[in-house]
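Welcome! Here is a short briefing to read alongside the structure. Have a look at the model first, and then follow the notes below.

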Amino acid sequence: MEYPFRCGLTRMPTDSSKIGRDILSIYLVTGAAGFIGRSIAAALLARGETVRGIDNFSTGRRSNLVGLESMEFIEGDLAEPAACARACAGVEFVFHEAALASVPRSVADPVATNVACVDATLNLLVAARAAGVRRVVYAGSSSAYGDTPTLPKHEGMLPGPISPYAVAKLAGEHYMGAFSRVYGLETVVLRYFNVFGPYQDPTSHYSGVLAIFCRRMLAGEQPTIYGDGEQSRDFTYIDNVVRGNLLAAAARAEKVSGRMMNLATGNRITLNQTFEILSGLTGYSGKPAYEPPRSGDIRDSLADISLARELLGYTPQVDFREGLRRTVEWYRSGGGN
Ligand code: UD1
């Protein structure tokens, strides 16, 4: 992946509050041992940026930090204000990826999801403001749209969260907007749609479906489809999400601050079709098992990505099939174990 632009590395302070600060930008990535956080951190490091990561290893993995040795790392929990303060000191840009992902996990334990997604996000914003952080880019979730039949989902639609996870991620979005309006902290919300790719943990039953399917099918084990398999998703390869984040950090504040936008591909595919493609890529010759739909699941998901195109100049670089091919190769070569 190429990152043709840099943001902030050598920029001089633009307002008096930043005079005297180190002119090298420090980028904070929360959830840096998680799948998306580690991918953003790796891209920043590859561009020569100064990066700090924080993770409490609730779902992040120590093995995901391999290759990120030049990143300053804090083991800490954003639910504790002191950890947030430490993480934000001297930082200019924050990519807030830390969360307890998974709809079914939130159905099983809504309070834990709330603490990790809502309390932690508010603590982070308070610390970011106190530390003079310029911009927070937030990992929102397509789950905020809920199960409305209208496709594609566009940002003007009313949210309709149907799981505790969706509520928690949406609350974080609103905190971002409020901190921009009330305190002038620059914030950008990116609503991710079913991100997949290397470094996604395939080992938990709360993992994303593609990670689970890749692992099982490569091992010759039967995957389970919840429902009839005709539910569809706008599965988005990780490189596209990383690129969207870097663009969101670099975009002019007048254009993006306080805004929310979808980050996806603008295409959808059903689980049954995905299973067929994966059968070809993995060599799995069996059929899937079908079980009843999961509670809190939505039926179809597809993003309108025109706002991210307009505000960020974002276009997806890696399509679904190519992303899936790269992902299968990564798991095949032992990734995720
Ligand atoms: C949801 C959110 C997404 C969020 C993610 C976090 C929506 C549209 N999306 O994704 O923004 O980032 O949670 O985890 O709400 N499935 C199987 N077999 C399996 C596992 C899953 O059939 O072994 C099915 C699920 O029932 C679901 C689909 O695959 O219908 C996708 O599930 P999953 O990967 O968990 O993501 P979402 O719940 O769609």
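**A first look at helix H1**

Phe35, Ile36, Gly37, Arg38, Ser39, Ile40, Ala41, Ala43, Leu44 and Leu45 are the buried residues of H1, where buried means under 20% relative accessible area, with a 1.4 Å probe and protein chains only. This is a predicted model, in which local features need pLDDT of at least 70 and side-chain atom pairs count only at pLDDT 80 or more, while totals for chains, interfaces and linings use all residues. Residues are numbered from 1 along each chain as its sequence is written, and side-chain values use heavy atoms, with hydrogens and water left out.

- H1 covers residues 35-46, and 10 of its 12 residues are buried. Helices here are DSSP runs of H or I with at least four residues, strands are runs of E with at least two, and both are numbered from the N terminus.
- The end C-alpha atoms of H1 are 17 Å apart, which agrees with the 16 Å that its 12 residues should span at 1.5 Å a residue. The expected span is 1.5 Å times one less than the number of residues.
- Among the elements that cover the buried residues of H1 are strand S1 (26-30), strand S2 (50-55), strand S4 (93-96) and helix H7 (238-250).
- Just after H1, Gly48 has a positive phi of about 90°.

**Asn64, a loop residue**

- Asn64 sits in the loop between S2 and strand S3 (72-75).
- Asn64 counts as buried because its relative accessibility is 5%.
- Beyond its neighbours within four places in sequence, Asn64 is in contact with Ala33, Gly34, Phe35, Arg38 and Tyr199; contact means heavy atoms within 4.5 Å.

**Helix H7**

- Of the 13 residues of H7, 12 are buried, including Ile238, Val241, Leu246 and Ala249.
- The 13 residues of H7 should span 18 Å at 1.5 Å a residue, and its end C-alpha atoms are 19 Å apart, which agrees.

**The ligand**

- Around the ligand there are 23 residues, of which Ser141, Val209, Thr224, Arg233 and Asp297 come nearest; a residue counts as near if one of its heavy atoms lies within 4 Å.
- A polar side-chain atom of Asn194 lies 3.0 Å from a ligand oxygen atom, and a polar backbone atom of Tyr226 is 2.8 Å from an oxygen atom of the ligand.
- The elements giving two or more residues to the shell around the ligand are helix H6 (209-218) and strand S8 (224-226).

Key. Polar contact = N/O pair within 3.5 Å; in protein donor to acceptor, adjacent residues only side chain to side chain. Buried < 20%, exposed > 50% of the residue type's maximum accessible area, 1.4 Å probe, protein only.
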